Every structure is written in C-alpha cells, then in structure tokens.
Amino acid sequence: MSNNTSNFTVILLGSDFNAYGMARSLYEKYGKPVKAYAEKALAPTRYTKIVDLSLIDGFSEDPKWIEEMLKLKQKYSKHSEPVILIGCGDGYAELISKHKDELDDVFICPYVNYELIKKLNSKENFYKECEKFSLPYPKTRIISKSEYESDEDIEQPFGYPVALKPTNSVEWLDIHFEGRKKAFTIKSEAEFKDIVSKIYDNGYTSDLILQDFIPGDDSNMRTLNAYVDKNHKVKMMCLGHPLLEDPSPSSIGNYVAILPEYNEKLYSMVKTFLEAINFTGYANFDMKYDIRDNSFKLFEINLRQGRSSFFVSLNGYNLADWAVQDYVFDSLKDKDTVYANKDKSKYWLWLGVGKEVFKKYAKDNEDKEYAMKLINNHQYGTTFWYNKDRNFKRWMLVTWMKHIYAKNFQKYFTNK
C-alpha cells in the first residue's frame, strides 16, 4: 500500500465483517489490496479482490499464534516500510497486546499494554473504572463460580427481567451449550437458576455479570467509536444510533442498522476517560439510554473496532486510516479532535440487513422515518456490498445472508 509520500503495509488479523470493513476503508483511500491472516475464512472475506487472506490452522490462540507471528516477524523484518498490525476481534487484539514487546521491533502495534487490556476487557473491572471516573453504568452484581458451587442460593437483588452476561468475552467464545447467547435477558427465578447452571456446568470459569435491565427497545442503544493517537490524545469520535439489532441467540447485541448521531456531552465524557487512562488505538463503546434517569449507561468497552463500525467510514471518517496517519505520516499530533456527525445533511444510514427487514422490524418512530428518507435518497450503504469489489459469487453470498437474516428475524424477533 502506498501514496505519493511513503510506503507502508497494514496487516489485518481476522476474516470477519470487521476485517472486511477495515480493508475496504484502506482500499477506498489507497487502492491496494490488504494482507490478512486468520484461522479460517468467513463469508465477508470470500471471493474478494481487496483482501489477500492467508489461513493458518490454530491461529486464534497461543502458543500457535505467537509461534506463527514470530515466523511472520522474520518475513516482514525485510520490509523497510512501516508495518501496522491491526486485530479484528477481541482475541486478536488481546494477543497483540500480550506479545507487544516481542513484536514491536518489526510491527507497529497500536494497542495499550496487556495489563490495561486485561482490565478493560473484563466487564467487571471496566465497571470499577467507571466508578473511579464517575461514568454511568447499569446497577450490577457479580456472580463467581465459587458462589455457584457453594450451597447458598445466589442472591438476585433486581426485579425481573434482568440481564446476564459473561465478564470474560474471550473465554466465552469457547463455551458451548444449547441456548447459549452472547447475553441473556432473564424473566424468572427458575430461568435464572437454569442459565447460571448451564454456563458453569459447561466449563466457563470466570465471573458473570448480573444487571438491572434498562427498559426500552434497540433504538435506545448507542455505539461510539474512537481513535486515540500514540500520544494518548483522542483524535476522532463517531457516535452511532442503532435502530435494530440481530435477534438470533448467537448474535444478540450485533447491530444491523445504525444512524450517525452527534452528542457533545457523550463525546466529552468518553474523551476525558480515554485520555485519563492513557489509552491508545481503537476503542468502541456500547451504551443504552435509560429513560428512568435520562442518562446513557455504559455496557462495555471493546479494545478494537466492531463488526458494524464501517458506519464510521461510510459517513466520511475513514476508520482504518487514522492509524496510518498516526504512525506512518505522523500527521495527527497537531490536529484537533474530530467530533463526527455535526452536519445532519451528510448522514448515511449503515445497514447490515436488507431494506425490507429494516422496514418491517425497526421500531416506528421519527428516527425510522428519517432512516427511510435516507434509503429513498440512496444515502445508505453496507459493509459487504462494495461497488469496487462486486462479482457474481459475492452477490450470491449477500443474497444468501439477507435470506438468513430474514428467516432469523421471523423466528427470533420480539418487541422489547
């Protein structure tokens, strides 16, 4: 990848929607395919000319991951240009941070140190940071495996429904049982006991987070993406207003429709936090508006960009290029923070489902009306269907994905 003033290489770890979105952002700016490595090929990076994907068996965890990365390090040590390493998932981001000292003499690794990433990747510890910096988050109770294994009943201090989720999102990837979800909304004491039992009886060892359920549908959610430069200064913040989420059990919490939004108060709150903890690299926050006290409650911080984060690039704030500008061209140090989406006339709607699914299932309100206007004005886009990377096989894939989404919504969608 190059431009008129410098050569550089970006390596993506992953083959999912996140990886394709980052590759597309870079291809849009620099016109060159992007190198990626992953354990297996996923649909978003199949039949594409913009991602040069190599598959490595066992590449998702140590010790295989670091063994293969040290081989890649030897290969790329011959490159004279900067080589930026970007993980497209929680596991890859954590692995890069864990082995940063072994890799950063060859690779640029725009990640915080391992101690901080472990702290922030744990929802339990993230909420402790929220306490320290007076950031609002849902009322929470921690459940441990030892508490489950004791003879005492687990106290449930909130009224039903309640939210239950794993504190360790990386460990959760390896836990499987019938009814497994990314997060649970539990409606009774019997269901609560049943779910906790299944989680721990199927090998999960970390803590669980039990939370007061914040009322309201998907349109009360917000997602915020940020880039923090190598000097720990926030350089870009882009807020999104999800209007619809994937309802299927394995994908709950994945947004499938996002409007851009501007909120000065939220931007200021998150910027202060990221700079106070000496963050660096990409961050993604999920939060929900609580009508009971008129506040946005933070659910989590992701130490990477998310699967729906292409909405940032779609709205003109090329997400992948911030790391390039920071580490290759050193062009951010004197720049003010970009607070995205001030100009509503330039908004583009991001969709992860077909227009028909959005129209049928998104809650009827002013935001949906506005989104439909954007659709009618052709101011909308997706991550996957890219005009410079279209072919018959990708068209077949996107048609199949739309079909699956439509079936899942028909089967699983309920009004919250």
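The model is predicted, so local features need pLDDT of at least 70 and side-chain atom pairs count only at pLDDT 80 or more, while totals for chains, interfaces and linings use all residues. Residues are numbered from 1 along each chain as its sequence is written, and side-chain values use heavy atoms, with hydrogens and water left out.

Q: What makes R292 and D212 a salt bridge?
A: The term asks for a side-chain nitrogen of Lys or Arg within 4 Å of a carboxyl oxygen of Asp or Glu. The closest N and O atoms of R292 and D212 are 2.9 Å apart, so the pair meets the definition. Across the interface of domain 2 and domain 3, the rule finds one salt bridge.

Q: What is the area buried between domain 2 and domain 3?
A: Buried area is the accessible area (1.4 Å probe) that two parts lose on being put together, summed over both. Here that comes to about 560 Å², with carbon and sulfur atoms giving 43%. K181, K182 and D212 supply 62% of what domain 2 buries against domain 3.

Q: Why does the radius of gyration of the protein agree with a compact globule?
A: The radius is taken over C-alpha atoms, and the globule rule is 2.2 Å times the number of residues to the power 0.38. For 416 residues a compact globule would be near 22 Å, and the protein has 21 Å, so the two agree.
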